[in-house]
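Open the model in your viewer and keep the selection panel at hand. The tour goes stop by stop.

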Amino acid sequence: MESRFITYFGSAVSATVLLTTIFVCWNITDDLITLQDMSDRNMQDFKVISDRTWDKMMFKQQSSPPSTPSLIFGRNKRSGDK
């Protein structure tokens, strides 16, 4: 009688641990999928922002006269000839 009780108790504990493990694995997988979706959305947002910024920089560069290093850096380039 006692051996049957131990067997049933062990089986119940084993089943509980197995179901808990399956639930935890499912939960971790769901969290990883959610994280991947958020990362994809954030990367798409970043791409849109960077494309807009790049377009603005190219528009400003095309609309302004060509610049010289002295205009960009505020000083003249050193050279051997004066």
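A salt bridge here is a side-chain nitrogen of Lys or Arg within 4 Å of a carboxyl oxygen of Asp or Glu. By this rule the chain has 1 salt bridge.

First, two notes on reading the model. It is predicted: local features need pLDDT of at least 70, side-chain atom pairs count only at pLDDT 80 or more, and totals for chains, interfaces and linings use all residues. Residues are numbered from 1 along each chain as its sequence is written, and side-chain values use heavy atoms, with hydrogens and water left out.

**Whole chain**

Show the chain as a cartoon. You will see 2 helices and 0 strands. These are DSSP runs, numbered from the N terminus: H or I over at least four residues for helices, E over at least two for strands. Now switch to the surface. The chain exposes about 8,300 Å², and carbon and sulfur atoms supply 64% of it. Accessible areas come from the Shrake-Rupley method with a 1.4 Å probe; for residues, only the protein chains shown count as cover. How many of the 82 residues count as buried? The share is 0%. Buried means under 20% relative accessible area, exposed over 50%, and partly exposed in between (1.4 Å probe, protein chains only).

**The salt bridge**

Select Asp-51 and Lys-47. They form a salt bridge, with the closest N and O atoms 3.0 Å apart. Side chains of opposite charge can pair when their charged atoms come close. Asp-51 is partly exposed, at 34% relative accessible area.

**Residues 6–28**

Select this stretch next. An unreviewed UniProt entry lists residues 6–28 as "transmembrane region". UniProt positions follow the numbering used here, feature names are shortened, and annotations may be inferred rather than shown by experiment. The stretch is 100% helix and 0% strand, and its end C-alpha atoms are 33 Å apart.

**The aromatic pairs**

Rings of Phe, Tyr and Trp (its six-membered ring) pair if their centres lie within 6.5 Å; planes under 30 degrees apart count as stacked, over 60 as edge-to-face and the rest as tilted. The count is 2 aromatic pairs. Phe-5 and Phe-9 are stacked: 6.2 Å centre to centre, with 20° between the planes. They sit 4 residues apart in helix H1, about one helical turn. Phe-5 and Phe-9 are exposed.

Move to Phe-23 and Trp-26. Their ring centres are 6.2 Å apart and their planes at 35°, so this pair is tilted. The two are 3 residues apart in helix H1, again about one helical turn. Phe-23 is exposed at 52% relative accessible area, and Trp-26 is exposed at 55%.
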